[in-house]
Amino acid sequence: MSKVEVLLEEERTFYPPKEIVENSNVKQWMDAHDIPDIETLYQRSKDTEWFWGEVEKDLVEWYSPYDKVLDSSDAPFYRWFTNGKYNIVHDALDRHMGTPTEHKVAYIFESEQGNVTELTYRDLYNEVNRMANGLKSLGVGKSDRVALYMPMIPALPIAMLACARIGAVHSVVFSGYSPHALQDRIQDSGAKVLITADGFWRKGKVINLKALADEAVKGTDIEHTICYQWAQVEVSMSERDIWWHDLVAEQPDECETQVMDSEDPLFILYTSGTTGKPKGVVHAHTYSVGVALTLKWVFDLKPRDVWWCAADIGWITGHSYIVYGPLMLGVTSVLYEGAPAHPEPNRLWEMIARHGITVLYTSPTSIRMHMRFGDEWTQKDDMSSLRLLGTVGEPINPEAWIWYYENIGKSRCPIMDTWWQTETGSFVISPLPILPLKPGSATRPLPGFGAEVHDHEGKSVVNEGGSLVLTSPWPSMLHTLYNEPERYVEHYWTKSGDFISGDIARVDNDGYFWVQGRGDDVLNVSGHRIGNSEVESALVSHSSVSEAAVVGRPDDIKGEGIAAFVVLKMGVEPGDELMKILWNHVGEEIGKIARPDIIYFVDDLPKTRSGKIMRRVVRSVLVSKEVGDISTLANPEAVKEIEDAVKHNN
Ligand code: PRX
C-alpha cells in the first residue's frame, strides 16, 4: 500500500453538557473504582484480566463461573471467560423475570402503516419460550443452524432469542437480499430450518417475502420453512412449510434455557469480503459482555430511556444494539418496520416526539438524506426528549455531523460516532459521553480496546494515513469464519498479532481516529458492505457479459455509489435496454442495494500481465485522479477506453 493522502482536517471541538458528564454511567463506574479521570481509565483498562473481569460483574450472570478472563494460548483463536457456563438469553430475558423489568416494555413496535404494539419483557419471554419449544418439536437442537429471513417485526428478535435459548445458531439474512444470496448463505451454513414471513411493508408496498424464500430453499437441505403471518398476503405452503402460529399454538410458555460453554457459537452473520464468497462471521454467547458494556457506557442508557437504534436487524448493528444489548440492559427500545421517510420526510422526527425517544442511533446516509429534504422538515416535531445521538456505518462528513447536531439535537445532544464492524461485534472506536467531540472523528478506542494506524511496514504512525489495526483482543470479537478457520487467520491477523480491519484511517495528535473508508476491495454503500467482486460475479453470470470491473464512486447521499465497467461478449450490442437488464440482474443475484448506479460498456479492461483486472486504475480514471504507475499493465491502451467511456457519459 502506498502512502495514503490525508484529506480531512477538522478543527472544531464540542464539549458534552456538564449534567450528562456528571450523571454518566461511565463516570459512575470510574467513581466506584477510584479512577479519577478518563486517561487513568484508558491506562488501567489495558490490564485485560482486571478490566473485563471487573466490568462483566455488573453485566452478566453465569450458571457457573469461568476460570480465566482470556486465554491467548491458541491465538488468534482467543478464548474468553474459559470454562464459564452461560447463555446470553439468561441475561436478555430470564434474569428480568421477578424484577420490576418483567412488566416493563421491551419493544415499542411501530408498523410502517402506523400501528403501535407494545411488548413487555414478560410478553417477550413467553413468546420466545413458545417458539423455542416449537423449534425443538421440529428436531432443532444445540448447534443446529437456523436461517432467518424476516422483516423488522417483533417475530424476528423472538426467533433469534428462541434459537439462542435452545443453543441453536441463528443466521439472519437481511430481508432485502435476493433469493440467490439467501440460498448461498443457507447452503454455506448448512441450515435445516428457515424462518420467514408472508410479507412486509416497504414504502407503502407489500413485499412478498415468502415467495422469495420459496425460491431460495430449492435445492437446499432445508427441512422446514416456518412462516410468520404478518402482511396477510397469499402464499403457497408446501408440505414441509408450517405456519408460525400453528407451530406455537400448543406449546407451553416455559422452556429451559440450554446451558452453553462460553465459547459456544451464538450466531453466524455473513458479510462481504474481497472475494466473491461472503464470510460467515461467528460470534459466541459471551460476546454479550462487550455489547452490553459499550451500549451502557457510550449511549449511557438508563432505566427511563427510550432507545431507538434505527438500523435493520439483518445487519450486526441490529443484532447487537436492537436485540441483545438493550435487552440485557433492560431498556425500552423502539422497533420500526418501514422506510425512514415514509409517508412524509419527518417520519423519524415525528416518531421521536410521539414515543418520547431519548437516544437515537442512525447512519450518515440517513442524515444526508434528511438534509436534502430541507431543514423545515425537522422543525415540525418536538424532539426535546432527545439527549444523545449516534451514527454508524460510514465516515460522517463534518457538514452532516453539524447538521445532525444543530437540527436534530438542537445543539444540546452529543453525537456518538461509533466505529466498528460485523467482525468486532461491538463498538471499538467511539466517544464516551464525557469526551470532547470533533465532527467526523470517532474519537478514541474505548477502554478495554486498542487500535493503531500502521504504515505499509507495520509501524505505528500518527498524522499519516494508514491501515487501521486493532492491537488487543476484545470479548465481542469474532471467533472464526464459519467452516473457514484458515481464512480467518490469513485474512484478519498480521504476523505480529494485530487484527486487520481493512479500513484506512489517521490518528491525530490528540489520539483521535479519523476513519476514511475501506482500504480493500470492499464497497461501503449507505453503510452496507458489498464486495466489488460480488457485483462483478453477478454481472459476469449474465449470458451477455464477458468481463466486469466494479469500483466505488463518490455519492452525496450514500457515501459511496457503484460504477460498473462491462465488457460484452462478441456480437452482443450495448444499449440502454441491456443496461437495465444487467441492473436488474444484479438486483436478482444479490439484492437491490448492490445494483450499480452507472454501467459503462467498454471493449477492454486494464489488466496486469497475469490477467488480473486493475480496479485501482479504473477507479482512478473514474474519479479523475492521476492514474499512477501503469507500467505493469499488459494493455495500457485499455486506460484510454475507460477515459473515453467516462467522458462520454458524464
Ligand atoms: O469501513 C468501516 C465502516 O463500516 C465497515 C463495517 O461494516 P459492517 O461490518 O457492515 O458493519 C457496519 C456496522 C458496524 C467498517 O469497516 N464503518 C462503520 N462505522 C464507521 C465506519 N466508517 C467510519 N466511521 C464509522 N463510525
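Mentor: Ser-411 lies in the loop between helix H15 (398-408) and strand S20 (415-417). Helices here are DSSP runs of H or I with at least four residues, strands are runs of E with at least two, and both are numbered from the N terminus. The model is predicted, so local features need pLDDT of at least 70 and side-chain atom pairs count only at pLDDT 80 or more, whereas totals for chains, interfaces and linings use all residues. Residues are numbered from 1 along each chain as its sequence is written, and side-chain values use heavy atoms, with hydrogens and water left out.

Ser-411 is not a glycine, yet its phi is positive, about 60°. Its relative accessible area is 42%, so Ser-411 is partly exposed. The classes are buried (under 20% relative accessible area), exposed (over 50%) and partly exposed (in between), with a 1.4 Å probe and protein chains only.

Asp-300 also has a positive phi, near 55°, in a residue other than glycine. Its place is the loop between helix H11 (288-298) and S16. Asp-300 is buried, at a relative accessible area of 1%.

Two loops hold cis peptide bonds. One runs from Ala-75 to Pro-76, with omega near 5°. Pro-76 sits in the loop between strand S1 (70-71) and strand S2 (79-80). The other runs from His-342 to Pro-343, with omega near 0°. Pro-343 belongs to the loop between strand S17 (332-336) and helix H13 (347-355).

Next, the strands. S16 (residues 306-309) pairs with S18 in the parallel sense over three bridges; pairing requires at least two DSSP bridges between the strands. Trp-308 has Leu-360 as its bridge partner in S18. On to S19 (residues 388-391): S18 pairs with S19 in the parallel sense over four bridges. There, Leu-360 stands opposite Leu-389.

In S18 (residues 359-362), Val-359 and Tyr-361 point one way, Leu-360 and Thr-362 point the other way, and all are buried. In a regular strand, side chains alternate between the two faces of the sheet. S18, helix H14 (residues 364-373) and S19 form a right-handed β-α-β unit. Right-handed means that, with the strands pointing away from the viewer, the path from the first strand over the helix to the second runs clockwise.

Asp-91 is in helix H5 (residues 88-92). It is buried at 0% relative accessibility. Its side chain makes a polar contact with the side chain of Tyr-86, at 2.5 Å. A polar contact is a pair of N or O atoms within 3.5 Å; within protein, one must be able to donate a hydrogen and the other to accept it, and residues adjacent in sequence count only if both atoms are side-chain atoms.

Last, the ligand. It has 17 residues around it, and Asp-417, Thr-418, Thr-422, Arg-518 and Arg-529 come nearest. Near means a heavy atom within 4 Å. A polar backbone atom of Pro-395 is 3.4 Å from a ligand nitrogen. A polar side-chain atom of Asp-417 lies 2.7 Å from a nitrogen atom of the ligand. For Asp-503, a polar side-chain atom is 2.9 Å from a ligand oxygen. The protein covers 96% of the 540 Å² of accessible area that the ligand has on its own. Helix H12 (316-329) and strand S25 (513-518) are the elements that give two or more residues to the shell.

Definitions and conventions
Areas by Shrake-Rupley, 256 points an atom, 1.4 Å probe, with all protein chains shown as cover.
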